[in-house]
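Please keep the 3D view open as you read.

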Amino acid sequence: MAERWRPETHTFHLPEGEMTITLKDVAILTGMPISGDAVIGPQTKPEGGWGPLIRYRLGFDMPTTTPIQGRGHPPLNAGQVSVPWLVSHIQQEVVINDETPEEQVERYARIYLIGLVGGFLFPDKSNRWIQGIWLELLTGDWDAIGQKSWGSAVLAGLYRELCTCSKVEAKQAGAAMFILQLWVWEHLPMFAPLDPRPYRRNDDELNFLQNLPYGVK
């Protein structure tokens, strides 16, 4: 599909004509909002760089020199947080019960959002680093976070990455490529996998799926 992408028109050039991923596709497939405030990050680095802000917002004492399991990369590097380190650290530390303070629960929830947005919706090409810029967008007011047009931002990132990876010298791709995969399965069914459960879903399954985005179905 990347070889069929034309940066000039942001469309796939196919034998049958031109097609592209629209905002409506993103909304239906993922359930993300496509209206609301624009997702705009800070234009300048915070005073002292991203490192102190990341430590303060996440609440972790992350070393900047200790390699990750001998791989030569520290958990915090030039304003980026290591995805493997964050996941392993959370799995070891997070224990939530009825006695957990509300502030602690909110901190864990924000860390989850940072991992979801920075590592899944806007991943880098290595899928190993989360940019510190997401801390500014995901540590504010809860209602303000939910009112942002995340679907629009994700689609813009996908367009930009398709323009980059359509070049002959490109070897990797970032962005939310799972949306492209779901879109292809829906619009070009010859590429879709066979239904792993061809039997008729029962009423409980159907009721459960009604409240989920179409991409989950």
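## Surface and interior

The protein chain exposes about 13,500 Å², and carbon and sulfur atoms supply 54% of that area. Keep in mind as you look around that this is a predicted model. Of the chain's 217 residues, 35% count as buried.

## Overall build

Nine helices and six strands make up the secondary structure of the protein chain.

Now let's turn to α8, which covers residues 177–187. Which of its residues are buried? They are I179, L180, L182, W183 and V184. In an α-helix there are 3.6 residues a turn, so residues three or four places apart point the same way.

## Where α7 meets α8

At what angle do α7 and α8 pack? The angle is about 90 degrees, and the helix axes lie 9 Å apart. An angle from 65 to 115 degrees counts as roughly perpendicular, so α7 and α8 are roughly perpendicular to each other.

On the α7 side, the contact is made by V154, L158, E161, L162 and C165; α8 brings M177, I179 and L180. By class, this contact has seven nonpolar residues and one charged residue, with no polar ones.

Terms used:
Residues numbered from 1 in each chain as written. Predicted model: local features only at pLDDT ≥ 70, side-chain atom pairs only at ≥ 80, totals over all residues. Heavy atoms only, no water. Helix = DSSP H or I, 4+ residues; strand = E, 2+ residues; numbered from the N terminus. Buried < 20%, exposed > 50% of the residue type's maximum accessible area, 1.4 Å probe, protein only. Areas by Shrake-Rupley, 256 points an atom, 1.4 Å probe, with all protein chains shown as cover. Axes fitted to C-alpha atoms, helices over the stretch in contact; angles between N-to-C directions. Parallel < 35°, antiparallel > 145°, perpendicular 65-115°, else oblique. Contact = heavy atoms within 4.5 Å. Nonpolar A, V, L, I, M, F, W, Y, C, P; charged D, E, K, R; others polar.
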